[in-house]
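The following note is intended for a colleague who is meeting this structure for the first time. Please read the numbered points alongside the sequence and the model.

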Amino acid sequence: MKSTKINLRLFRILLNVNVIAGLIAFLSFTVLCIILNLTREVFIPLIIAWFIVQILRPVNDLTNKMKIHPYLNLAMILMVLVGLGFLGVRFLANLAVDINNVYNRYSSELMQRYNDFMALFNITPDMLASIEWGNLGLDFLRNNAGRITGFIVDISNKFFMTIFFLMFMLIEAPYTERKISKAFSGKTGNNVKEIFSKISDQISYYMLNQSLISAATALCVWGVLALMKIELAGGWAILAFFLNFIPNVGSIIATILPVIMAFVQFSTALEPLVVLVLLTIIQMVIGNIIGPKILSDSLGVSSVVILLSLLFWSMIWGIPGAFLSVPIASILKIVCENITPLNPIAVIMSNGSAIPTEE
């Protein structure tokens, strides 16, 4: 009888300890999310710069073997990045001009489609004509001028902060292994090196193959849109390239926008329907068959984990978080694989097909 009471008392104590530990873990996780959200202006450029360093690690290893001075290596990399940035700005400027020209050509058709849509709700053109659209547009610009300016300033700040962090990381990159060997000895040092090596290899592999998959998707999208004579075919293809880095959601957006353009451009529903079917086939074949076959074997991360990572990091960091969600999930899995107490988490995060079937 006494032993039963003692066991019951111990069970209650352990239950209370587990509840307290769970509450502490939940509160810690909540505080971490708040901190990540509040410090996004610093962490996003820092994480992006770190990812770029990992992608450029093979280049850094090659330049080290060639005995190229780190500062010369840094200068060459920055020149390439500035060149790519210049080309990107020129492309966006040309795209803005093209969008303006397309709007001027199809503004009357767009207004007619808008009137037809409003007629479904018994809203007549006379009611629409009573609205001062010019003043409405000016009011919109006046009310949102601060937001637009803030967005441009925010993008510029993130770009320059990323370059700033990248400079110092590239300078320190050649000495990383030396510092790890000095900080950790024996098996621990080798384990830390192995973790960093796996992270770098997987990020490089993911970015290279995802870029090739996105390029193939963009090329197919451009071919379909050019064949159907859809306006801004090149712009939609470039958009599909970048949106393809966002799991699941990106391909949907990349499909819907050209279909809307087709609805505006053509008077019948046949052309938009053909565009929808062809783009859906492209996204399904490349995104759901070819892409996972190439990437899942290397990343080995469950699609459910990728989706949850997308939702979490999009909520914390917005659009940049959506782009970084897959690499971050892969990094967490690698870390859990190489830390023994966290191995069960790595198994849960892994792709089920990679786990051998028990006989």
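1. The accessible surface of the chain is about 23,200 Å², and carbon and sulfur atoms account for 73% of that area. Such areas are computed by the Shrake-Rupley method with a 1.4 Å probe, and for residues only the protein chains shown count as cover.

2. The model is predicted, with local features requiring pLDDT of at least 70 and side-chain atom pairs pLDDT 80 or more, whereas totals for chains, interfaces and linings use all residues. Residues are numbered from 1 along each chain as its sequence is written, and side-chain values rest on heavy atoms, with hydrogens and water left out.

3. The chain contains 14 helices and 0 strands. Helices (H or I, at least four residues) and strands (E, at least two) are DSSP runs, numbered from the N terminus.

4. Of the 359 residues, 30% are buried; buried denotes under 20% relative accessible area, exposed over 50%, and partly exposed the range in between (1.4 Å probe, protein chains only). Among contacts (heavy atoms within 4.5 Å) between residues at least 6 apart in sequence, 74% join residues at least 24 apart.

5. Leu 38 belongs to helix 1 (residues 2-38) and is exposed, at a relative accessible area of 65%. The C-alpha atoms of Leu 38 and Ile 316 are 9.0 Å apart, although 278 residues separate the two along the chain.

6. Helix 2 (residues 40-55) packs against helix 3 (residues 57-65) at an angle of about 55°, with the axes 4 Å apart. Axes are lines fitted to C-alpha atoms, for helices over the stretch in contact, and angles run from 0 to 180 degrees between N-to-C directions. The two helices are therefore oblique to each other, a class left for angles that are not under 35 degrees (roughly parallel), over 145 (roughly antiparallel) or 65 to 115 (roughly perpendicular).

7. In that packing, Val 53, Gln 54 and Ile 55 of helix 2 meet Arg 57, Pro 58 and Asn 60 of helix 3.

8. There are 7 aromatic pairs. In one of them, the rings of Phe 241 and Phe 242 have centres 5.2 Å apart and planes at 90°, so the pair is edge-to-face. Rings of Phe, Tyr and Trp (its six-membered ring) pair if their centres lie within 6.5 Å; planes under 30 degrees apart are stacked, over 60 edge-to-face, and the rest tilted. Phe 241 is partly exposed at 21%, as is Phe 242 at 45%. Elsewhere, ring pairs join Phe 164, Phe 165 and Phe 168 into a cluster.
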